[in-house]
Amino acid sequence: MKDHSTTEDDSNLLVIVIDTNPFEWEHSSAPIKLNDALQHILTFMNAHLAGRHDNKLAVIASHVGVSQFLYPTLNDHILGSTQQTEKDANVYQNFKVVNDAVLSGIRGLLEDHRPTLEEKDLGSSKIAASLSLGLCYINQALKLDGMGHVKPRILVLTVSPDSSSDYIPIMNCIFSAQKANIPIDVCKIWGEDAVFLQQAAHITEGIYMRPSDPAGLLQVLMFSFLPDMFSRNYLYLPGQDQVDFRAACFCHKKIVDIGYVCSVCLSIFCSFSPVCSTCRTKFAFQPLLSQARRLGARTAASNPGSPKTSTPGTPVGTPTNLTSSATMAISTPSQ
Amino acid sequence: MVKAVKGVVVECDSAVKQIILGLNEKGQFIIEDLDDTHVFVDASCVDQLREDIDQILNENTYKVEDAK
Amino acid sequence: MSKFQTSIHEYLETLPLQTFNRLYQKPATCLAVFRLLPPLGKQIIMSSLYVDPPIAVSDMKLWFKGSAGEIKHTEAMQRLKALHIFEEVRGKYAMNATFLEQFRNALTGGGNSQSFGLATSTPDKYHVDIHFLDDYATKQWEAILHFMVGTTEGRPPCKGVLNLLGRSGLMTGGADNGGGGGDQMDARDFASQMARQDFGVPKITHKGFQFLLQDINTQVWAFLLQYLNMAESLNMDLVEVLTFFFQLGSLELGKDYSSENLTPTQTHLLEDLKAYGIVYQRKRGSRRYYPTRLATTLTSGTPVMLGSHTNATKIAAAAAAKKAEEEEEDDHGFIVLETNYRIYAYTDSPLQIAVLNLFVHLRDRFPNMVTGVVTRDSIRRALSKGITADQIITYLTAHAHAQMRKHSPILPLTVVDQIRLWEIEKNRLRPVPSWLYSQFSRQQDFESTLEYASELDVVLWSNQKRRMLCITAEGHTAVGAYVRKLISRHKELQAQQAQQSSPHTHHSPHVSSVAS
């Protein structure tokens with residue numbers, strides 16, 4: 001069991017996931033350009049590195065269809081970070097190395113992976129993949145450290161809407177992070193609330209924020225997302241009063257308010273099926289059909305865009321046969 | 001009549017206090033025996049007292065070192 | 001531990017506002033000062049860095065959670081004010097304009113201050129790698145420590161170092177000018193005295209012993225602070241010296257920097273720092289210099305993982321020069337302490353052995369290790385040199401072998417407790433020079449005297465029943481006067497009474513003035 005208490009002497013490992021989805025950034029309604037936002041984010045990274053000599057940083061780009069490390073890059077690891085960057089007496093060398101790597105990485109991404117419109121339809125950026133990369137990186141860093149002095153956290157800077165096909169992988173990441181005690185902070189720079197990431201922040205005790213003015217991104221980052229785990233004990237930070245707990249069904253990846261839950265593996269379905277597609281459990285009975293149909297109709301009609309706080313624990317049409325293998329309940333994948 | 005005397009208040013635990021009382025029998029240096037943990041002594045003898053107590057305590061200490 | 005560590009903060013806090021305004025003109029200095037702050041102090045700066053109007057005091061209070069947060073807030077704010085980063089103006093916190101601008105520059109790489117070290121334009125034809133620098137730093141620094149413990153390894157350090165050792169009171173001359181005598185002695189005198197053959201061996205002081213047990217980073221800072229004190233008397237510009245120290249902390253290990261645009265003061269400084277092993281210059285007046293690990297970790301607050309000069313590391317480093325860093329980290333812990341008070345130290349460094357010898361009864365020496373026992377006598381010997389139990393324990397913890405680090409706590413509790421007990425045992429007497437007041441004739445007199453003395457906070461001991469109290473030596477004058485006044489007033493009162501009822505025979509109490 002690792003020591004989870006925080007002290008002043010902890011170093012902080014911050015993994016930043018930047019959503020670089022060009023469809024969103026280059027959208028005409030985008031309130032801030034990627035270039036400007038990057039300036040803010042780079043300053044924020046420097047601020048993190050400035051905090052302590054041994055503060056560590058990793059930056060992952062979550063692009064459309066691809067997710068990759070911007071810093072540290074793979075080459076750095078092999079060559080022992082002997083990357084040659086030109087020195088500039090006006091800049092702290094540590095900052096420069098990171099900033100250059102991130103900028104050139106993003107430039108490379110935007111040039112090489114110019115996604116076609118078909119890819120856009122497939123889904124938005126690869127948040128789940130980036131989260132997994134981040135978690136793996138943290139795991140490795142913690143193993144190397146071994147002393148419990150490194151306090152990791154993840155910060156997701158996202159602009160893309162939720163892609164419901166990502167639900168299961170994101171949920172898996174969230175639970176891994178929760179288990180490893182890694183908070184996931186989420187900054188949805190603009191647009192609708194990101195339902196899954198909101199849950200991520202809630203479950204891992206991270207911070208979720210949707211700034212009112214995206215042009216003032218830097219101030220939001222500095223004020224709410226910079227405090228390390230030690231400082232958070234003493235500061236009031238933005239909390240969430242309303243969390244949208246809705247889940248996506250496993251069969252059609254639709255976001256549902258009320259659905260069917262397999263009593264064996266807790267898979268969620270929007271409509272009743274006699275065999276669970278995840279664990280192959282056979283349900284030997286028919287639920288109260290009329291009610292189920294009505295529910296199913298309502299689920300289909302529900303608009304995934306409207307956030308609604310779920311009311312956990314409201315039992316819905318449970319069959320009397322409790323020994324049988326299927327029950328229905330509200331799906332609340334909370335802890 | 002109020003009397004004021006110059007000296008040194010020595011605060012110690014009661015065991016050491018007893019040793020001090022014992023030492024006092026040889027050469028009178030205690031001006032006033034205050035209570036179990038305090039004793040008022042002549043300023044000039046503090047260093048000597050410290051040394052004596054150290055020595056007595058030393059004699060009564062069991063040491064872990066091996067014989068060789 | 002904290003005695004040396006905090007001193008750079010304390011030192012900075014003594015400086016006037018003007019000095020700060022000049023210091024903050026360099027982004028590198030701003031960054032270094034920033035890193036010295038407590039975590040919440042850093043957060044306050046970051047939170048307000050991009051807010052233009054000053055923040056109301058009451059608003060900032062709202063950032064902090066509960067009473068614990070409030071305490072942290074007050075602490076942090078005190079430091080920020082002492083360093084002149086924030087100023088309270090009309091109920092608002094205003095950030096120092098210079099600091100604000102330059103710290104923003106530090107984060108964004110703006111401005112043109114060149115405070116992060118100017119790189120050389122041409123590559124060095126003499127190859128210098130990190131390993132070489134580590135070696136150099138270790139050699140130089142250990143030469144100083146060797147000299148302090150009196151082992152005859154290597155040549156004695158140069159004059160500048162001797163100066164500093166004397167000035168800082170870490171060592172004194174062979175003559176009996178007692179501990180801390182270095183302060184009164186002129187720096188130059190000391191060095192010339194040391195250089196004289198007939199002078200005898202300079203002796204290490206209590207402070208010096210404590211110094212030896214600190215980690216290297218603390219030692220280096222202690223040295224540099226002393227240097228700062230000396231710089232003032234040598235008419236060097238303090239700001240330039242400090243700026244250069246902080247700049248060194250921001251440089252990158254293994255890179256060469258140009259010494260061409262340094263001021264004359266800084267060039268002079270470079271010469272001195274070379275002697276301590278903080279920077280490396282191939283030859284005097286060379287156009288380039290290299291910071292060593294001692295320099296680059298100056299502002300990090302983390303212990304320097306500078307391997308000692310052991311054969312083990314040399315071999316390991318040669319085998320895997322690239323991995324030098326990790327190897328040295330391993331070497332960092334070499335002590336195994338068992339519950340039976342035995343100690344095994346895997347080292348062949350005469351320096352480390354000499355340091356251990358301060359508080360361990362060493363028994364056997366092998367090519368790669370020494371064994372010994374922690375005994376009552378060995379600890380008492382150390383205690384009598386002014387080393388504290390805490391320092392010993394900190395040293396043992398800091399240098400515990402990797403094998404020991406797997407346990408929690410790292411050191412066996414029995415031994416730690418025993419070392420502490422031995423320290424307590426040594427201080428069983430607590431003598432305080434004082435005055436004993438006794439034979440108060442009236443209870444009121446005693447009580448009012450006691451009350452008066454308690455107000456002055458000079459009471460050491462008191463007993464109501466026996467009407468006795470002990471007053472510290474400092475309080476004697478005041479309390480004595482008070483008693484005298486009390487008695488004379490009492491006497492007057494009685495004289496009046498006696499006049500009023502003269503036929504009545506009266507036992508006038510025997511009142512004497514306070515004996516002194």
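Modeller: One term before we start: two strands pair if DSSP finds at least two bridges between them. And keep in mind that this is a predicted model.

Colleague: Okay! In S13(C), which residue is the bridge partner of Gly7(B)?

Modeller: Start with the strands themselves: S1 of chain B (residues 3–11) and S13(C) run antiparallel, joined by 9 bridges. Pairing takes at least two bridges, so these strands count as a pair. Look along S13(C) for the partner of Gly7(B), and you land on Ser434(C).

Colleague: Which element gives the largest share of the side of chain C that touches chain B?

Modeller: Chain C puts 31 residues in contact with 28 residues of chain B. Three elements of chain C give two or more residues to that side: S13 (430–438), S14 (459–463) and H25 (476–500). With 9 residues, the largest share comes from S13(C).

Colleague: And how do the residues on that side of chain C divide into nonpolar, polar and charged?

Modeller: We're still on the 31 residues of chain C that contact chain B. They split into 18 nonpolar, 10 polar and 3 charged.

Colleague: Now the open sheet in chain C. Which strands stand at the edges?

Modeller: The sheet has 4 strands with antiparallel pairing, in the order S9-S10-S12-S11. An edge strand has a single partner strand, so one side of it is left without a neighbour in the sheet; that describes S9 (335–337) and S11 (361–365) of chain C.

Colleague: What does the twist average from one strand to the next?

Modeller: This is the sheet ordered S9-S10-S12-S11 in chain C. From one strand to the next, its twist averages 20 degrees.

Colleague: Which residue in S12(C) is the bridge partner of Arg365(C)?

Modeller: S11(C) and S12(C), residues 370–373, pair over 4 bridges in the antiparallel sense. In S12(C), the partner of Arg365(C) is Val370(C).

Colleague: Which residue with positive phi follows H10(C)?

Modeller: H10(C) covers residues 159–167, and its buried residues include Leu162(C), Leu165(C) and Arg167(C). After this helix comes a residue with phi near 75 degrees, and that's Gly169(C).

Colleague: Over to chain A: which of its elements has the lowest mean pLDDT?

Modeller: The chain's mean pLDDT is 77, with 75% of residues at 70 or more. Among its elements, S5(A) (residues 184–188) has the highest mean, 92, while the lowest, 39, belongs to S11(A).

Colleague: How many contacts beyond four places in sequence does the model have for residues 299–335 of chain A?

Modeller: The pLDDT stays under 50 over that stretch.

Technical notes:
Residues numbered from 1 in each chain as written. Chains lettered and ligands numbered in written order. Predicted model: local features only at pLDDT ≥ 70, side-chain atom pairs only at ≥ 80, totals over all residues. Contact = placed C-beta atoms within 7 Å. Nonpolar A, V, L, I, M, F, W, Y, C, P; charged D, E, K, R; others polar. Axes fitted to C-alpha atoms, helices over the stretch in contact; angles between N-to-C directions. Buried ≥ 20, exposed ≤ 12 C-beta atoms within 10 Å, placed from the backbone. pLDDT = per-residue confidence, 0-100.
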